[in-house]
4 protein chains.
Amino acid sequence: MVKNDSFKIQAPVILVNFKAYLEGTGEKGMLIAKAAERVWMETGVTVGVAPPPTDIRLLASSTQIPIFAQHIDAVVPGSYTGRTTAEAVREAGAVGTLLNHSENRLQIADLQISVERARQVGLVTVVCANNPLVSSACAALEPDFVAIEPPELIGTGIPVSKAKPEVITGSIEAVKRVNPSVRIICGAGISKGEDVSAAIKLGTSGVLLASGVVKAKDPEAVLLEMANSAKSQGLQP
Amino acid sequence: MVKNDSFKIQAPVILVNFKAYLEGTGEKGMLIAKAAERVWMETGVTVGVAPPPTDIRLLASSTQIPIFAQHIDAVVPGSYTGRTTAEAVREAGAVGTLLNHSENRLQIADLQISVERARQVGLVTVVCANNPLVSSACAALEPDFVAIEPPELIGTGIPVSKAKPEVITGSIEAVKRVNPSVRIICGAGISKGEDVSAAIKLGTSGVLLASGVVKAKDPEAVLLEMANSAKSQGLQP
Amino acid sequence: MVKNDSFKIQAPVILVNFKAYLEGTGEKGMLIAKAAERVWMETGVTVGVAPPPTDIRLLASSTQIPIFAQHIDAVVPGSYTGRTTAEAVREAGAVGTLLNHSENRLQIADLQISVERARQVGLVTVVCANNPLVSSACAALEPDFVAIEPPELIGTGIPVSKAKPEVITGSIEAVKRVNPSVRIICGAGISKGEDVSAAIKLGTSGVLLASGVVKAKDPEAVLLEMANSAKSQGLQP
Amino acid sequence: MVKNDSFKIQAPVILVNFKAYLEGTGEKGMLIAKAAERVWMETGVTVGVAPPPTDIRLLASSTQIPIFAQHIDAVVPGSYTGRTTAEAVREAGAVGTLLNHSENRLQIADLQISVERARQVGLVTVVCANNPLVSSACAALEPDFVAIEPPELIGTGIPVSKAKPEVITGSIEAVKRVNPSVRIICGAGISKGEDVSAAIKLGTSGVLLASGVVKAKDPEAVLLEMANSAKSQGLQP
């Protein structure tokens, strides 16, 4: 297995999970990705998107922003049906992958393999966790990012960065204790610029969000406000 | 939900599951799909392919053969991460989907929903089963096809049509009793033209196979031999 | 594998799933089982209970009513951890098992094996299904009973026998078409005697219920009322 | 939820997983548990057993050795079918539970909840891990013990303590870095006294094993040899 160089994600990052929303599928997802690209070009803030697997190639070939898979399976290429390999998403143009989202939780041994498989092909890994204890366990598996998301706030519009700051700061401490090289982003309920700047002030490297952008009337306006708020906190290497 | 018209599959059919093989991923999968297209044009025998989800759009936009997903999830579009919806694979250009492959077994209630979701968007369903009892249970869920595959023969090169003909004829009888409108194909160990004609003589509408083509030195030669053998048994509507 | 004779369940049957309720665990479950036994002795109506696996032996050795497992795994005895075999529940004294409850859905191939494993050791099988299509698929797997339970009514107190009689009659028709030797019971929202008699009038052989008895203030009074209502519809062989 | 005091496990410990072996089920399992009790009384070395859930109460009421569940689910008592709660196994007499065995791998968020649920009712937790990275992730979840078991050696008779000592020492280091209060045992291929003393010399608090005792011709003789070897390394608090 050739070790590819991973894409470098410049912080702060705004990562938009398209989930299985119709508004994020196919041509509609393309419109959001194009908007994200314009926001990145205008602000310099990294805006990545995680479309359905069927759209990774389309978005990767049509935009210059980082494209993430929503999941990769804990397998090497071979006799598996309905599985998504690190190699397949990499060849389609993804630069990273989400893993262990609260809507797609993984067995701990599989998560370790998926992180390793991603690194082997040069994919950045963003491992989701639901609380500080699980965050620190995920950090032990050596991903690039841990994304802390209290599942009870997902899709609510109540921002984790304001409603549960102690979950974020607790996760940051727990992760740093176990593995200081892991960066932390946070998500759940993020829908405005001030939610993003609050997240960065707490010590994160950015946010993971979904419906706040994908189901917004004007995704580009929301992204632009978020990117400007993020930028006001300073760009990092 | 708009009910789309499903693609009509003309029998006999040769359906090639690319699985998660590197030889069936990305540009390499494209070569096999192009070969399949030439065989179809030369023989008139339907040759479909089921690539990884990341390649559905690429193959559907580059060839005229039927493209299948390897799986769709039992969900309507919405707040799901790492799931593959009927809508996403349909928009990417697939005309059908495998379901319940022995490498991706589904809960019975989910399988029923996935078959229904596929029909709602106009996808042909090929539901895999491992023995006659399970075949008849799958037929009760009203898919278009049941694909009978004894898992112990998958990838062995020992063709089910010769090694276990009674599993095929038993499944055909069991399926017809439960739901006579369901068509049957078979798989496992299929690697030659004679395996295909033997399957059709037993009463099937064709074959589902994978490594016999995907890992062959000359996939086009194997497909051409299979298609000619299938054609010798007569084309059906 | 020695084929044991299965326990014969006389209809109508009232089957109480203790689930993982504290009120149905250990000594508290014993009180309900003892109440069920008195109701059976007084009315002649079969009252069975399905306690947690840890309590099967206790209840089977202390009462004469039929004890069911809530689940058995699709494995033969061997190198499996945290699995429940047909042999283990049989030796502990169970006479049957629930399978595929909506809170514990099984892969279709596993469900077929579990039904077969149960029959091999002489356990009666009650396979749960959520709608008529899934009921007929389950019937194809040759269980003793199909229990039709619309999951949206479970635990609501709105009885399926009154709120969705067409789901019950539709399932009865679908099951009879596929496998006329399978008996049908129904569940979800059953909490009174009239719910039970309504279920029997629709053509079922009885009911599967849980909170209506387990969480009742006086489980024995509820069971007695149900058994008398069932009895008013006539005992069957 | 009342916090019960956990059972204190004196090291070294020999923990025998009965799995789903017929030789460890029901009356046969009782014979092994009785043998384990005699070995403990003779040597003073802690010998615990993990029978199927159906036998926990039988063994706990008939012997004085520590009885472990093989698994508990990540739920509080309630509307769950086929699940095993911490409360149910505790009431049946268990003092601890295995979790995340390679034959029963858990999602990381569920594993965190199961460890917490066990602690809430006073059950000792032994979380299995397959390599040093996963061991350290498990340690972050604050169990009492991590049991390191390379799955490729399970059931082989090739002892991990001799074949892969670096996996054990690597896990010990990784665990201590993340959470120094977690104790480590090891397993896979353990079948003789010298395998046990080798494990203790590497720094573990004992062993987890299964077929080496359960399928032995004379389980008591094997256990006695193991306990004497363990004792030769010194008893610890």
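Copies are superposed here by least squares on the C-alpha atoms of residues with pLDDT of at least 70 in both. The structure itself is a predicted model.

Q: How confident is the prediction for chain A, and what is its mean pLDDT?
A: Let's begin with how far this predicted model can be read. In chain A, 97% of the residues reach a pLDDT of 70 or more. The chain's mean pLDDT is 93.

Q: What kind of axis relates chain A and chain B?
A: Chain A is superposed on chain B by a rotation of 180°, with 0.0 Å of shift along the axis and an RMSD of 0.0 Å. The two copies are therefore related as by a two-fold rotation axis.

Q: Which residue of chain A has the C-alpha nearest that axis?
A: Here we look along chain A for the C-alpha nearest the axis. It lies 2.3 Å from the axis and belongs to A:Thr54.

Q: Why can we say that chain A and chain B meet through the same surface, and what percentage tells us?
A: The interface residues of chain A can be looked up in chain B, to see how many are interface residues there also.

Q: Which residue of chain C comes closest to the rotation axis?
A: Chain C is superposed on chain D by a rotation of 180° with 0.0 Å of shift along its axis, at an RMSD of 0.0 Å. At 2.3 Å, by its C-alpha, the residue closest to the axis is C:Thr54.

Q: How far apart are the closest C-alpha atoms of chain A and chain C?
A: Contact requires heavy atoms within 4.5 Å. No contact joins chain A and chain C. Their closest C-alpha atoms are separated by 15 Å.

Q: Are H5(C) and H7(C) roughly parallel or roughly antiparallel?
A: In chain C, the axes of helix H5 (residues 132–139) and helix H7 (residues 165–178) come within 8 Å and cross at roughly 30°. Angles under 35 degrees count as roughly parallel. H5(C) and H7(C) are therefore roughly parallel.

Q: How many residues of the contact of H5(C) with H7(C) are nonpolar?
A: H5(C) contributes C:Pro132, C:Ser135, C:Ser136 and C:Ala139, while the H7(C) side includes C:Val167, C:Gly170 and C:Ala174. Of the contact residues, 4 are polar and none is charged. The number of nonpolar residues is 6.

Note on methods: Residues are numbered from 1 along each chain as its sequence is written. Chains are lettered from A and ligands numbered from 1 in the order in which they are written. This is a predicted model: local features need pLDDT of at least 70, side-chain atom pairs count only at pLDDT 80 or more; totals for chains, interfaces and linings use all residues. Side-chain values use heavy atoms; hydrogens and water are left out. Axes are lines fitted to C-alpha atoms, for helices over the stretch in contact, and angles run from 0 to 180 degrees between N-to-C directions. Helices (H or I, at least four residues) and strands (E, at least two) are DSSP runs, numbered from the N terminus. Angles under 35 degrees count as roughly parallel, over 145 as roughly antiparallel, 65 to 115 as roughly perpendicular and the rest as oblique. Ala, Val, Leu, Ile, Met, Phe, Trp, Tyr, Cys and Pro count as nonpolar, Asp, Glu, Lys and Arg as charged, and the others, Gly among them, as polar. pLDDT is the predictor's confidence in each residue, from 0 to 100.
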